[in-house]
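Visitor: I would like to learn how to read this model, one feature at a time. Please give the general idea and then the case at hand.

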Amino acid sequence: MVKAIVGANWGDEGKGKITDLCAESADIVVRFQGGANAGHTIINKYGRFALHQLPSGIFHENIINIIGNGCALNVNSLTEEIASVKEAGVNFKLFISERAQVLLPHHVLLDTYEEERLGNKAFGSTKSGIAPFFSDKYSKMGLQVWELYNDELLKEKLQMMYEKVNVTLKHLYNKPEIDYMDVYATLKGYAETIKNNVADTSLILRKAIKEGKSILLEGQLGTLKDTDHGIYPYVTSSSTLAGYSAVGAGIPPYAISDILCITKAYSSAVGEGPFVSEILDEAEAEDLRRRGGDKGEYGATTGRARRVGWFDTVATRYGVELQGATEVCLTCLDVLSYLEEIPVCTGYEYEGKIYKDFLTTDKLYKSTPVIEKLKGWNCNIKGIREFDKLPAEAKAYVEFIEKELGVKISMVSNGPAREDIIYR
Ligand code: GDP
């Protein structure tokens with residue numbers, strides 16, 4: 001059984017918690033895209049962790065964790081993450097695809113300098129080097145992990161690469177150039193650090209599929225940040241869709257039998273871009289923001305305040321459909337317990353017409369939300385483990401969203417801890 005666990009929205013839907021939970025009955029957990037730019041928060045018996053690159057199966061000793069070929073491998077940040085998990089007493093198995101590409105020092109620099117250059121037109125990048133990394137990958141200027149172990153090729157390639165990079169650094173950004181031999185030394189350090197983890201992970205996975213093993217494919221961010229189908233250009237530079245998970249893990253697409261799409265009971269987004277259901281009143285937004293997630297809606301990687309809004313049925317139906325969800329998990333239902341009435345965005349008004357389907361970025365910017373108000377339950381629902389024990393208004397809220405999405409909500413999360421879950 002291969003299940004993809006992916007986000008329906010702008011990311012931060014709670015994929016980490018749900019993957020950690022589903023991993024209890026899995027054999028392998030794979031990260032198939034993204035890099036150190038976004039974090040998955042996990043709270044379990046070992047403590048609270050923001051995992052950036054480590055798969056969320058890392059806390060289960062018998063599971064194989066894989067960083068797939070679709071990921072942007074940041075060795076420095078991975079080393080720190082591994083240390084924090086080891087310090088908590090976790091024993092784990094981790095393999096890194098020999099075809100994953102390695103994030104290089106200039107990627108972070110170019111990301112930072114480009115945001116500076118764009119000024120008030122900047123994308124709100126986390127400056128982790130993701131956009132320059134994927135530009136290099138697709139222009140065949142990147143380095144796959146196996147190349148770290150081929151000295152001659154590595155030096156030759158770095159020399160060529162930095163001839164070009166230095167022109168950009170010097171003439172576009174007016175910044176110091178990079179000596180490719182310094183990068184070579186850094187990369188040899190990386191090669192040493194990860195040498196016991198490097199493997200043909202596609203082969204491991206293909207064999208596991210033949211043996212009927214249970215595999216989870218863990219996505220980063222969500223549909224609305226997908227390069228092609230998201231709010232371009234305010235997107236990430238890799239595909240966040242379950243459709244890409246086969247490519248980013250190196251398995252046949254037909255092996256994926258289940259797509260669990262995660263969405264939150266309200267909306268949050270980071271970075272720039274249109275956000276139709278955003279709460280524009282700052283006091284009202286802060287009321288939701290400080291109650292959101294496990295410690296308020298502040299970025300797991302950057303700590304910056306996330307933009308917050310009401311649940312958006314138009315964006316989420318689009319998100320769920322593009323992911324090809326076979327089931328949905330609704331998280332953070334407990335967060336809305338303070339409200340007597342819960343606004344939900346059920347349509348977009350654009351140039352006098354109401355739209356129920358998602359639009360392109362220009363139109364989204366000019367759309368206003370059609371708001372319906374549902375009754376709140378206005379009491380604490382943490383600790384409830386059965387759907388039928390939820391207050392009638394909370395059940396009605398879940399059922400309303402399920403109907404709007406057209407896909408079964410099989411899990412409702414009502415707290416950040418592993419055990420805060422209701423199966424339906
Ligand atoms: P991810 O990137 O999709 O894994 O999501 P993040 O970790 O960035 O953000 C989700 C936040 O919500 C984290 O702070 C989680 O601890 C928290 N969280 C997940 N599920 C729930 C839930 O059901 N209720 C509450 N209150 N917080 C949750």
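**Contacts and burial**

Guide: Leaving out residues up to four places away in sequence, L148 touches V102, L154, L187, K188, Y190, A191 and I194; contact means heavy atoms within 4.5 Å. This is a predicted model, in which local features need pLDDT of at least 70, side-chain atom pairs count only at pLDDT 80 or more, and totals for chains, interfaces and linings use all residues. Residues are numbered from 1 along each chain as its sequence is written, and side-chain values use heavy atoms, with hydrogens and water left out.

Visitor: Where is L148 placed, and is L148 buried or exposed?

Guide: Buried means under 20% relative accessible area, exposed over 50%, and partly exposed in between, with a 1.4 Å probe and protein chains only. L148 is in the loop between α4 (130-138) and α5, and counts as buried because its relative accessibility is 0%. Helices (H or I, at least four residues) and strands (E, at least two) are DSSP runs numbered from the N terminus. From L148 to E192 the separation is 44 residues in sequence and 9.3 Å in space, C-alpha to C-alpha.

Visitor: How is the span of helix α5 checked?

Guide: The expected span of a helix is 1.5 Å times one less than its number of residues. Helix α5 (residues 151-172) has 22 residues, so it should span 32 Å, and the 31 Å between its end C-alpha atoms agrees.

Visitor: Which residues of α5 are buried, and what do they pack against?

Guide: An α-helix has 3.6 residues a turn, so residues three or four places apart point the same way. In α5 the buried residues are L154, K157, L158, M161, Y162, V165, N166 and L169. They pack against α3 (105-118) and α6 (180-194). After α5 comes N174, with a positive phi near 60°.

Visitor: Which residues have a positive phi although they are not glycines?

Guide: K127 is one of them, with a phi of about 60°. K127 lies in the loop between α3 and α4 and is partly exposed, with a relative accessible area of 39%. L221 also has a positive phi of about 60°, but L221 is in strand β10 and counts as buried at 10% relative accessibility.

Visitor: Which peptide bond is cis?

Guide: The bond from Y232 to P233 is cis, with omega near 5°. P233 is in the loop between β10 (215-222) and α8 (242-249).

Visitor: How many residues are in the largest nonpolar core?

Guide: A nonpolar core is a set of buried Ala, Val, Leu, Ile, Met, Phe, Trp, Tyr and Cys residues joined through side-chain atoms within 4.5 Å. The largest here has 56 residues, and L217, L333, L336 and Y397 have the most contacts inside it. Helix α12 (residues 392-405) gives the most to this core, with 6 residues. Another core lies apart from it, with 39 residues, among them L73, V75, L78 and Y113.

Visitor: What does S56 touch, and which side chain does it join in a polar contact?

Guide: A polar contact is a pair of N or O atoms within 3.5 Å; within protein, one must be able to donate a hydrogen and the other to accept it, and residues adjacent in sequence count only if both atoms are side-chain atoms. The side chains of S56 and E218 are joined by such a contact of 2.5 Å. Beyond four places in sequence, the residues that S56 touches include G16, T19, D20 and H40. S56 is buried, with a relative accessible area of 0%.
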